[in-house]
Amino acid sequence: MSLLSDLINLNLSDSTEKIIAEYIWIGGSGLDLRSKARTLSGPVSDPSKLPKWNYDGSSTGQAPGEDSEVIIYPQAIFKDPFRRGNNILVICDTYTPAGEPIPTNKRHAAAKIFSHPDVVAEEPWYGIEQEYTLLQKDIKWPIGWPVGGYPGPQGPYYCAIGADKAFGRDIVDAHYKACLYAGINISGINGEVMPGQWEFQVGPSVGISAGDELWVARYILERITEIAGVVLSFDPKPIVGDWNGAGAHTNYSTKSMREDGGYEVIKKAIDKLGLRHKEHIAAYGEGNERRLTGRHETADINTFKWGVANRGASIRVGRETEKEGKGYFEDRRPASNMDPYVVTSMIAETTILLKP
């Protein structure tokens, strides 16, 4: 095994200028990440300099067998924490051979919204709190839980330490450092309310980069859990009962909100979000109705309300924002399995482009 580790950790720059590029894309379910690698003649830092590639879309639920080729366009580059050196991870989106975005390509539509002059002028910032659950591989039950049984009720586990309260910290810390190495703007981690559940935060990130960075962070996490022999779940309510669900709370601000007088801009933006509550809920993740029950720090899925420091609201405004009269707010509705391209662009579209 030591020889295998030596080979995996070979520094290619000692013997060749060639590098490995891992092309990453989103499969047909909208949540399944796929990837494959290719050799390039030398280091690349600009995604426009990378070649387009293709894959068999009939094997990912994105194309029929008789016309299965899907083309992937490189969009963003990150350092590869697994192969290291000059090797890279490449976030791609998906197109037909004729150049049309395929239906599951949510990045293309998001990029259009983020390139709108009114949106560009407002410099939308996002901070996404990605919750997730680590499951035992063979029984799909949270790590640290007795097989077929339950731990003590939630309370001692949030941001906890100790072998009887915190499960999977090695995975979480490995992911944290790998994201920093990759160039992802990861801003923190913490243990969550349910044992075996954790959270990492990405941001502040501007516009389309928020989606790119969160998807790559998810990819890195799934690679690490693969190595550890643990299953990664983004299910918004992985355990039925008196346990918190898993969300992807999305913090948001615009240039106008961050400047003096921004609190009034924030309140107008929240009013617009209320007008489109049903549309947002429909796009905020599958199974979210199991999480947004009005209990466990959520608002009921059919109710839109906002409040200052209220974690039972749809939209939470922080005490500091209220005090300063400017800042940001938190959309608490997105589920852990949401598509960040959809959620971030939809918030920008509703709050900036929707006319009152």
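A residue is termed buried when its relative accessible area is under 20%, exposed when it is over 50%, and partly exposed in between (1.4 Å probe, protein chains only). By this criterion W53 is buried, with a relative accessible area of 19%. The structure is a predicted model, in which local features need pLDDT of at least 70 and side-chain atom pairs count only at pLDDT 80 or more, while totals for chains, interfaces and linings use all residues. Residues are numbered from 1 along each chain as its sequence is written, and side-chain values use heavy atoms, with hydrogens and water left out.

Aromatic pairs were assigned between rings of Phe, Tyr and Trp (the six-membered ring of Trp) whose centres lie within 6.5 Å; planes under 30 degrees apart count as stacked, over 60 as edge-to-face and the rest as tilted. The structure holds 11 such aromatic pairs. In one of them, the ring centres of Y23 and W53 are 5.1 Å apart and the planes stand at 80°, so the pair is edge-to-face. This pair links distant parts of the chain, with Y23 in strand β1 (residues 19-26) and W53 in strand β3 (residues 53-56), 30 residues apart. Strands (E, at least two residues) and helices (H or I, at least four) are DSSP runs, numbered from the N terminus. Y23 counts as buried, at 0% relative accessibility.

The rings of Y126 and Y252 have their centres 5.3 Å apart and their planes at 35°, so this pair is tilted. Because Y126 belongs to strand β6 (residues 125-136) and Y252 to strand β10 (residues 248-253), the pair ties together parts that are 126 residues apart in sequence. Both Y126 and Y252 are buried. Ring pairs also join these two tyrosines with F114 and F329 into a cluster.

Charges over rings were assigned where NZ of Lys or CZ of Arg is within 6 Å of the ring centre and within 35 degrees of the ring normal. The charged end of R218 sits over the ring of W215, 4.7 Å from the ring centre. Likewise, the charged end of R223 sits over the ring of F82, at 4.1 Å from its centre.

With a disulfide taken as a pair of cysteine sulfur atoms within 2.5 Å, the structure holds zero disulfides. For C92, the closest cysteine sulfur is that of C179, 18 Å away and therefore too far for a bond. The closest cysteine sulfur to that of C179 is, in turn, the one in C92. C92 is buried, with a relative accessible area of 5%, and C179 counts as buried at 0% relative accessibility.
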